[in-house]
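Biologist: Can you take me through this model? I'd like to start with the ligand and then move on to the strands and the core.

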Amino acid sequence: MTAINEVTDYSRDGDVGVITLNSPPVNALSANVRDGLAGGMKAALDDAGAQSIVLICEGRTFIAGADITEFGGPQKGASLFEVQDAIEGSTKPVIAAIHGTALGGGLEVALACHYRVAVPSARCGLPEVNLGLLPGAGGTQRLPRIVGPQKAMEMVTSGQHVPAKECLAMGLVDEIVEEGKLRDGAVAFARKVVAEHRPLKKVRESNQKVEAARGHPEIFADFRKANARRFRGFLAPEYNIRCIEAAVNQPFEEGLKTERKLFGELLTGSQSAAQRYGFFAERQAAKIPDVPDDTPVIPVNKVGIIGAGTMGGGIAMNFLNIGIPVTLVEVKQEALDRGLKVVRSNYERSRTARPEETEARMSRLSGSLDMNALADCDLVIEAVFERMDIKKDIFSRLDAICKPGAILATNTSGLNVDEIASATKRPEAVIGLHFFSPANVMKLLEVVRADRTSKEVINTSMKLSRKIGKIAALVGVCPGFVGNRILGARQREAQKLMFEGAMPWDIDRVLYDFGFPMGPFAMSDLAGLDIGWVKEKSKGETIRDVLCEMDRRGQKTGAGYYDYDENRVARPSPVTEKVIKEFVAKSGVNAREITDEEILERCLYPMVNEGAKILEEGKAIRASDIDVVWQNGYGWPVYRGGPMWWGEHVAGLPKVLERMKEWEGRMGDTYKPAALLERLVAEGKGFGG
Ligand code: 3H9
């Protein structure tokens, strides 16, 4: 065996040369890896005893892409294109041996090889779109030559990781070899290629599928139209599509040039910067400075959930999906039956679960009217409505019932977890697990650390959240935690703007155009204006009261802030407009014209300010955790980073501060700038340091 450099070896298996990369954690294409590949190819070509070449990786995965941390820095070492040219132009067949994931630049290296073999558990994909990019090393030109433009567009705009079996069916992989025996399988395949005199297949020369699509622009037009909603606001999907169009309409080398140009534009733009930031922010959120990774984890083999409503049922599904039995507890048989039925019908309606899977999952779910059924659970999650007295009662009973060592969690969306914990004699076992609705779909989990929550309980919760496919952020106890607290700041502004003369649909439009899935008033109409509204007590003191009193309680009554037609399509409402105008006039406010710019600043800057307060109070570990919460739980457009990233990199903290001060002077203390914001601006720093 010869060491090419610190991450690459070259060895020989009989007449097959084997280049092995070993660059943990994911063999990303850093300068070292590229140099290693270039050196490995040279060694293999110079080795007269090698008739073919296998490229394989050590560790958990094949090359998972370009090294994202290198983007934006100076180019060092061999370029990826040089490496690909060396592989594709090799006079000896080169076979990529894939395990784990061949992603992005990793798959692009594999596509420059003459053949690809993979183990059954491997996956391939071009997920650059999720980083606001496109495959910039020939991926958009080679992929459609194998799978056709339609499938290629689907892959590059979704970033999906395609399982090996499907890759085989599409021709992306040439052979599946036995799990755990990748090296032997790849070497045997390489010998077969030589023995059978198979050609040195170059994907770039395979033009049949792209030529067949030439002169059919409708393929692209239809695809754009069908996905317009999904792609709204994002640049990268459109750029990816243009590259596939180029693969169809231009010769290979020209297509490569188009790809390089568009890649460069995306790489230097703010969307990709925001999305790359988001990638690392998510991973960073899992790291808790005073809870090291090797903190013991409490095994969770059985889960109990109190409350079989929409929330409880949704939470249960997360655990059932990964094979953990769940007991749902309710007070009334009827509510329990309804809850169990809703879980079943959620599965039956889901496109992904097959009937036998539904049955397997449902067989792990049991119901009970007796909290004693939770005695042997490792984790119990309380998901009843938001009343402190009820929650405290439940926790004191759980304290008496649950086995020692069990984690006692509350799904409260904003109540004081310390107070809930005080109802038990084991506050160290108590934590907040704030799921978002629908809990089986939404990615975010706010893990709420109370004063005395133990490190084991925190570590277990963070690790478990990952197992159930959630993105967790650790937050501290404060009203509304991170997400709802910042939402509160935005809602307050939206309401105030309405009192100053902006119409709900103007505010909604500005936020929708910014990239939110919907504005606060459309959201209210969807949820129901009457949440928390009590008819008997309503005295027309707010616009909401007046609307509810008129039975305009949202979509369900056909009218709320908006009017709705029979298909629930919203229209600005003259009735609401009149209500608002009368209300504002009655309050003695002089309604004024409010610009879109002011609406945006007034809605978003206070969010940045609130985030800064959360940070200075230590209720979030880092600004990026706040962004993780807002991206994954509140629809903040990922291509705008998150409120903290956006505040710093797009709006600019000095401007946010200036406006907050101006509004404080005009409208009072609600706008008081966070001390942290003042300090950072004075020091010319950002939230990162
Ligand atoms: C590209 O390829 C562009 C080319 O087309 C064109 C070039 C010209 N770079 O996710 P994990 C780190 S763009 C640097 O927790 P998992 C990650 O930060 C790229 N670092 O593991 C983490 O570090 P830490 C296209 C990377 O097992 C550690 O590895 N490729 C990269 O759950 C473990 O990551 C992609 O977009 C990277 N490319 O999942 C794939 N990837 O431990 C991105 C990971 O310090 N990667 N790290 O927190 C993934 O999707 C997942 O990491 C993967 C493993 C599925 C591979």
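Biologist: Which strand and helices each supply at least two residues of the shell around the ligand?

Modeller: Strand E6 (101-103), helix H3 (105-112) and helix H12 (270-285). Helices (H or I, at least four residues) and strands (E, at least two) are DSSP runs, numbered from the N terminus. This is a predicted model, where local features need pLDDT of at least 70 and side-chain atom pairs count only at pLDDT 80 or more, while totals for chains, interfaces and linings use all residues. Residues are numbered from 1 along each chain as its sequence is written, and side-chain values use heavy atoms, with hydrogens and water left out.

Biologist: Which element gives the largest share of that shell?

Modeller: H12, with three residues.

Biologist: And which residues come nearest to the ligand?

Modeller: Glu 108, Glu 128, Arg 283, Lys 287 and Arg 466, out of 26 around it. A residue counts as near if one of its heavy atoms lies within 4 Å.

Biologist: What polar atoms lie by the ligand's oxygen atoms?

Modeller: A polar side-chain atom of Arg 466 is 2.5 Å from a ligand oxygen, and an N or O atom in the side chain of Arg 283 is 2.6 Å from one. Gly 136 has a backbone N or O atom 3.1 Å from a ligand oxygen. The cut-off for a polar contact is a pair of N or O atoms within 3.5 Å.

Biologist: How much of the ligand does the protein cover?

Modeller: 78% of the 1,000 Å² of accessible area that the ligand has on its own, by the Shrake-Rupley method with a 1.4 Å probe.

Biologist: New topic. Why is strand E16 largely enclosed?

Modeller: Six of the six residues of E16 (residues 430-435) are buried, so the rest of the structure largely encloses this strand. Buried means under 20% relative accessible area (1.4 Å probe, protein chains only).

Biologist: Which way do its residues point?

Modeller: Val 430, Gly 432 and His 434 point one way, and Ile 431, Leu 433 and Phe 435 the other.

Biologist: Which strands pair with E16?

Modeller: E15 (residues 407-410) is parallel to E16, over three bridges, with Ala 409 partnering Ile 431. E17 (residues 444-449) is antiparallel to E16, over four bridges, and there Leu 433 stands opposite Val 447. Pairing requires at least two DSSP bridges between two strands.

Biologist: How many residues are in the largest nonpolar core?

Modeller: 85, and Leu 398, Ile 507, Leu 604 and Phe 687 have the most contacts inside it. Helix H24 (residues 596-616) gives the most to this core, nine residues. A nonpolar core is a set of buried Ala, Val, Leu, Ile, Met, Phe, Trp, Tyr and Cys residues joined through side-chain atoms within 4.5 Å.

How values were computed. Buried < 20%, exposed > 50% of the residue type's maximum accessible area, 1.4 Å probe, protein only. Polar contact = N/O pair within 3.5 Å; in protein donor to acceptor, adjacent residues only side chain to side chain.
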